[in-house]
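Visitor: Hi, thanks for making time for me. Please put the model up and walk me through it.

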Amino acid sequence: MPVNGEADEPGWEVDPDDEWGVAVLTTVGRQLKLRREAVGMRAGDFGVAVGYGEDLVYKVEGGKRIPRREYLERADEVLRAGGLIAAAWEDVKKVRYPKQVRDLAKMESRAVESLSYGSYSLHGLLQTEEYARALLGMRRPALTEDEVENAVAARMGRKAMFERAPAPELSFVQEEATLRRPVGGMMVLRRQLEHLLEVGRSRHVEIQVMPTSRADHPGGGRMQVLKFEDGTAVGRADDMFGGRPVTDPRQLRILELRYGSIRAEALFARESVAFIGQLLGET
């Protein structure tokens with residue numbers, strides 16, 4: 001049995017269909033094994049030294065298990081790798097993310113501006129971890145526990161967009177209903193609203209609320225446009241262009257015009273922050 005129970009924890013299994021992820025873990029596992037053997041340590045002794053069970057050591061070295069950051073850092077110390085093993089975490093952590101999410105996160109990491117509208121649920125970049133877990137747990141057909149944890153990890157990983165320097169300009173329009181729905185219960189919703197207030201006060205983030213009293217506006221579904229420093233962009237809307245990502249300037253212009261019309265019907269950013277504060281007082 002592992003010392004800390006990680007082998008029984010969901011979300012750290014490898015997706016066999018993810019070729020890039022399998023290649024990363026195979027390479028990291030091989031390096032760990034070679035370094036362990038080079039210093040003459042048996043797998044069981046190494047497991048004791050890093051605080052994990054022998055079975056997990058074999059799984060990590062065989063590329064069958066995603067190691068935690070703490071595992072790699074402790075292995076780096078035990079094997080005196082000078083930071084080379086610990087540095088592998090930057091690639092290893094991405095293996096938990098589904099390929100399509102990695103592709104989206106890569107685009108978001110390059111974007112200098114993001115325009116997002118959501119009518120069904122809060123945008124993933126705005127969600128707290130517990131809200132995301134509750135939301136993903138409600139999907140039908142139901143996701144496995146591993147799939148939920150992987151999706152949560154991927155969603156939280158995308159939040160690095162908020163911490164970039166220089167900071168990108170982020171604009172969100174959310175339907176009022178998405179802010180009232182008690183996903184995960186009232187306490188989860190309360191913490192989610194508190195998080196929105198905190199994020200909404202950032203100078204580079206603008207959150208607007210579309211009141212349910214707006215009888216007619218050009219929203220519907222989800223929409224996002226990401227703009228890049230070189231002047232290119234990519235956009236997508238659930239109900240336009242077959243729901244596929246588009247890069248054609250004419251199609252992007254249509255999405256931008258539509259987003260502008262949605263923003264014009266929503267509450268101003270300052271009013272929206274006050275509105276979220278009012279909702280928080282009601283929960």
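Guide: One term before we start: contact means heavy atoms within 4.5 Å. Helices (H or I, at least four residues) and strands (E, at least two) are DSSP runs, numbered from the N terminus. This is a predicted model, so local features need pLDDT of at least 70 and side-chain atom pairs count only at pLDDT 80 or more, while totals for chains, interfaces and linings use all residues. Residues are numbered from 1 along each chain as its sequence is written, and side-chain values use heavy atoms, with hydrogens and water left out.

Visitor: How many helices and strands are in the protein chain?

Guide: The protein chain has twelve helices and five strands. Its C-alpha trace spans about 70 × 45 × 35 Å along the principal axes. Of its 283 residues, 46% count as buried, meaning under 20% relative accessible area, with exposed over 50% and partly exposed in between (1.4 Å probe, protein chains only). Among contacts between residues at least 6 apart in sequence, 72% join residues at least 24 apart.

Visitor: Let's pick a helix. Which residues of α10 are buried?

Guide: The buried residues of α10 are Val 188, Leu 189, Gln 192, Leu 193, His 195, Leu 196, Leu 197, Val 199 and Gly 200.

Visitor: You mentioned α7. At what angle do α7 and α8 pack?

Guide: The angle between α7 and α8 (residues 145-157) is about 140 degrees, and their axes are 9 Å apart. Axes are lines fitted to C-alpha atoms, for helices over the stretch in contact, and angles run from 0 to 180 degrees between N-to-C directions. So α7 is oblique to α8; under 35 degrees would count as roughly parallel, over 145 as roughly antiparallel, and 65 to 115 as roughly perpendicular, with the rest oblique.

Visitor: Which residues make the contact?

Guide: From α7 they are Glu 129, Ala 132, Arg 133, Leu 135, Leu 136 and Gly 137, and from α8 they are Val 148, Glu 149, Ala 151, Val 152, Arg 155 and Met 156. By class, that contact of α7 with α8 has seven nonpolar, one polar and four charged residues. Ala, Val, Leu, Ile, Met, Phe, Trp, Tyr, Cys and Pro count as nonpolar, Asp, Glu, Lys and Arg as charged, and the others, Gly among them, as polar.

Visitor: Is Arg 80 buried or exposed?

Guide: Arg 80 counts as exposed because its relative accessibility is 78%. Phe 241 has a positive phi as well, near 55 degrees, and is partly exposed, at 24% relative accessible area.
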